[in-house]
Amino acid sequence: MRRKRYEIDIKKNQTFGLNITSMTDMFTILLVFLLQIYSTNDVQIDLAEGVRLPASISDKNPVDGIKISLSMKELKFDKIKLANVQNNSIEQTAIDPNDSNFVKPLFDQLQKYNKENEKSAKAGKILFQADQELPYSTLRKVLYTASMAGFPHLKMVTVVGN
Amino acid sequence: MGRRFKLNINHNSEFELDLAPLLAVMVKLVPVLLVSSAFVQMMIIETELPQVVQQAIEKQEQNPKAAQIAVELNKKDGVKITITDQGQQRVEVVGYNSQQQLDLQALHHKFQEIKKEHPEIFKIEMNPDSDIPYKEIVHVMDEARRARSNQVRFPVKNEKTGQETTTDYMFPEVVFSNVMDG
């Protein structure tokens with residue numbers, strides 16, 4: 001008599017119930033975490049590329065204003081690149097030859113903004129994002145130029161921390 | 001005689017809760033929150049202050065004889081605070097510690113002492129050296145602007161009602177006085 005070949009018994013119509021309890025637990029934790037960090041600010045500031053903001057204990061929420069960012073690589077007005085930053089300093093071609101603190105492209109851009117938005121220009125709010133490692137000499141050029149263009153009040157953007 | 005109908009309840013029975021709809025909601029909600037959440041919480045350092053403090057700052061600005069506090073930051077000395085009151089100058093220095101970092105706690109105590117001596121002053125003039133990094137300037141501003149402890153409060157007079165009240169603000173008005181220097 002020939003031996004019968006062994007065959008695995010597979011029931012093709014078999015169904016199984018997936019245990020989703022652990023998955024639900026995971027999602028609940030994730031949901032609570034996301035709800036906790038969910039920001040309800042009126043104004044959302046996009047972190048400028050390449051900018052490591054300094055940490056501060058300030059608890060003021062951001063307000064709307066003109067966004068100027070200064071990273072280790074470039075100076076930007078909103079999303080418009082105004083000048084390169086090399087060796088922690090704004091490139092020489094963007095600086096007025098007669099005034100070492102005057103950043104010409106930034107001044108022109110702020111003047112242009114003043115003409116286009118007379119109402120908001122009067123409030124003169126600048127949201128300034130600068131890299132935490134940049135020296136004061138570089139920041140000063142932006143502060144100086146902004147003051148000259150009629151924006152003496154600067155809001156320094158920071159991250160929460162000690 | 002008809003037998004009374006009795007509902008047969010099995011108290012030891014178990015049932016499994018259908019979690020599928022709950023999971024479906026979560027699966028939709030989690031990506032929405034992930035996309036719209038800001039993981040880096042940003043704040044600003046600004047000068048919007050309580051009205052009483054604003055009034056006190058205005059009063060200080062109108063008074064040319066008010067004491068002046070200048071804060072210099074340099075790599076050699078650390079933080080040098082110069083208080084000029086009625087023609088007399090006093091200098092307080094808070095230097096770097098052994099790890100070449102500013103002693104922020106000592107600096108905060110120093111600002112508190114100065115504030116207790118001059119509760120009417122709310123403005124400081126900041127003069128950082130060119131090579132001072134931005135983060136150090138922010139740290140010094142943090143220590144000067146507000147008392148860290150809620151129990152430390154300073155008297156302030158409401159100019160409209162004449163009543164005395166208290167505030168945790170020390171020197172909230174920070175002016176970079178060397179911006180316009182050549």
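Helices (H or I, at least four residues) and strands (E, at least two) are DSSP runs, numbered from the N terminus. This is a predicted model, in which local features need pLDDT of at least 70 and side-chain atom pairs count only at pLDDT 80 or more, while totals for chains, interfaces and linings use all residues. Residues are numbered from 1 along each chain as its sequence is written, and chains are lettered from A and ligands numbered from 1 in the order in which they are written.

Two residues are in contact if their C-beta atoms, placed from the backbone, lie within 7 Å, and the contact between the chains takes 45 residues from chain A and 34 residues from chain B. On the side of chain B that touches chain A, α1 (20-36), β1 (42-45) and α4 (134-145) of chain B each supply at least two residues, and α1(B) gives the most, with 8 residues.

Helix α1 (residues 21-37) of chain A packs with α1(B) at an angle of about 35°, their axes being 10 Å apart. Among the residues that meet here are A:F27, A:L30 and A:L34 in α1(A), and B:M26, B:L29 and B:L33 in α1(B). The residues of this helix contact divide into 13 nonpolar, 1 polar and no charged, where Ala, Val, Leu, Ile, Met, Phe, Trp, Tyr, Cys and Pro count as nonpolar, Asp, Glu, Lys and Arg as charged, and the others, Gly among them, as polar.

Turning to the strands of chain B, we find an open sheet of 5 strands in the order β4-β3-β2-β5-β8, with mixed pairing; two strands pair if DSSP finds at least two bridges between them. Because β4 (88-94) and β8 of chain B stand at the edges, each with a single partner strand, one side of each is left without a neighbour in the sheet. Strand β2 (residues 68-74) of chain B runs parallel to β5 (residues 123-128) of chain B and is joined to β5(B) by 4 bridges, and B:E72 has B:N127 as its bridge partner in β5(B). Between β5(B) and β8 (residues 173-176) of chain B the pairing is also parallel, over 4 bridges, with B:F176 in β8(B) as the bridge partner of B:M126. Helix α4(B) lies across β2, β3 (78-85), β5 and β8 of chain B, running at about 150° to β2(B).

Methods:
Axes fitted to C-alpha atoms, helices over the stretch in contact; angles between N-to-C directions.
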